Amino acid sequence: MSHILVALLSLGGFALVAGLVLAVAQKVFHVESDPLVDRIDALLPQTQCGQCGYPGCKPYAEAVAAGQAEVNHCVPGGDRTMRAIADLMGVQPKAVEEEAKAPMLAFIREDECIGCTLCIKACPVDAIVGAPKQYHTVIAEHCTGCTLCVEPCPVDCIDMLQKPELIEHWAWPLPDTRRARQGKVRRGQHAGHA
Amino acid sequence: MTDVTLILLSAVLVNNYVLTKFLGICPFLGVSGKVETAIGMSFAVMFVMTLAATATWLVQRYILIPLDLLYLQTVFFILIIASLVQFIEMMIHKTSPVLYQALGIFLPLITTNCAVLGVALLNVQKDQTFLSSALYGFGAAAGFALVLVLFSGLRERIEHAPVPAAFKGSPLTLITAGMMSLAFMGFSGLVKM
């Protein structure tokens, strides 16, 4: 009986000492992870789509925090994300690169779909429904138009269509004032330059 | 002095843990893609192995033998190695982030590197003094480092060689490892320990 007790106490005591040493080491060798990276990462949509040119949202956040990337590369995040990041970084907001393009929407021609599920796996926002050997289809409200599903489709049955204007997104047009007309002209010049 | 040379020669060349005892093959194949990572891994293993050899010797001498707990040897040793590796991981993360990134997953994997446990277990079986067991641990680690760096050098060169498609990648790596092992077998009988 006492032998078991000795064994328990010695192993437990040793483990305790090792644990304490590690706890102290944790404090001594504590590494600050860059809080800025985490905050930028929290603003990003986490679709990991790679349209910013980085392998995911976190690497893009690191690049922005290090000042190596502009704030306007996140396409799914759109204007709102860009403004939030610009605000956080204290830089001038810049139009999101792809914004000039009309919002796109993936569309699957169902009679050609072979039900291979490859596009489902590619979709970063889970906007494609379907099962193996069943037709797949795109949930229009969830599709960000990232085009990642087009490439894997073996029968090329996915089209990128212009996103129809949904009633949820519709807003009253701005009043036709002198100021609005000036703005329109200026925006037109801007687009012309780009 | 002859003792020191003998122990080192024995541990580094004759009883090389990777090529003659076939322990620690995982990092040997996994981290040998580039010379720089191989060198980083070698230093980490050297540090862990030497410390593990001394720490396990102390535990064996002052806890396990007096309390008659030799049947707990493996559990104790694993505990020591795991805590040591954890400690070193924190230290490297703090002192050299570049090395930390380069070692990546292989640093925590030293915990399960059987060569480290192998050194600790074989060491206490040999009934050595404290200093010679520390030296033996260091020698074994140096042998591991030598082989790992040499092998990564070989692999870097082979990478650009025109190789038949069937041998590309892992097959050629394994064949190279086998050749190296054959070469190291040549040292057997150099030192009797």
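Analyst: A cavity here is a set of points, on a 1 Å grid over the protein atoms alone, where a 1.4 Å probe fits but cannot get out, and its lining residues have an atom within 4 Å of a point. Keep in mind that this is a predicted model: local features need pLDDT of at least 70 and side-chain atom pairs pLDDT 80 or more, while totals for chains, interfaces and linings use all residues. Residues count from 1 along each chain as written, chains are lettered from A in the order written, and side-chain values use heavy atoms, leaving out hydrogens and water.

Now to your cavity. Around it sit 14 lining residues, and the ones nearest its centre are A:Ala106, A:Cys123, A:Cys143, A:Cys146 and A:Cys149. The lining splits into 12 nonpolar, two polar and no charged residues; Cys and Ala both count as nonpolar, while only Asp, Glu, Lys and Arg count as charged.

Staying in chain A, have a look at A:Lys94 and A:Glu70, which form a salt bridge with their closest N and O atoms 3.0 Å apart (the rule wants a side-chain nitrogen of Lys or Arg within 4 Å of a carboxyl oxygen of Asp or Glu). A:Lys94 is in the loop between helix 4 (78–89) and strand 1 (104–108), and A:Glu70 is in the loop between helix 3 (57–65) and helix 4, so this pair ties together parts 24 residues apart in sequence. Helices (H or I, at least four residues) and strands (E, at least two) are DSSP runs. Over all chains, the rule counts five salt bridges.

What about the place where the chains meet? Chain B brings 18 residues to the contact and chain A brings 15, with contact meaning heavy atoms within 4.5 Å. Together they bury about 1500 Å², 84% of it on carbon and sulfur atoms; that's the accessible area (1.4 Å probe) lost on being put together, summed over both. Zero salt bridges turn up across this interface. On chain B's side, helix 3 (35–64) and helix 4 (73–95) each supply at least two residues. Helix 4 gives the most, with 11 residues. That side of chain B divides into 13 nonpolar, three polar and two charged residues.

One last stop in chain B: B:Leu117, in helix 7 (residues 114–125). Leaving aside residues up to four places away in sequence, B:Leu117 touches B:Phe77, B:Ile78 and B:Ile81.

Note on methods
Buried area is the accessible area (1.4 Å probe) that two parts lose on being put together, summed over both. On a 1 Å grid over the protein atoms alone, a cavity is a set of points where a 1.4 Å probe fits but cannot get out, and a pocket is an open set with protein on both sides within 12 Å along at least five of seven lines; lining residues have an atom within 4 Å of a point.
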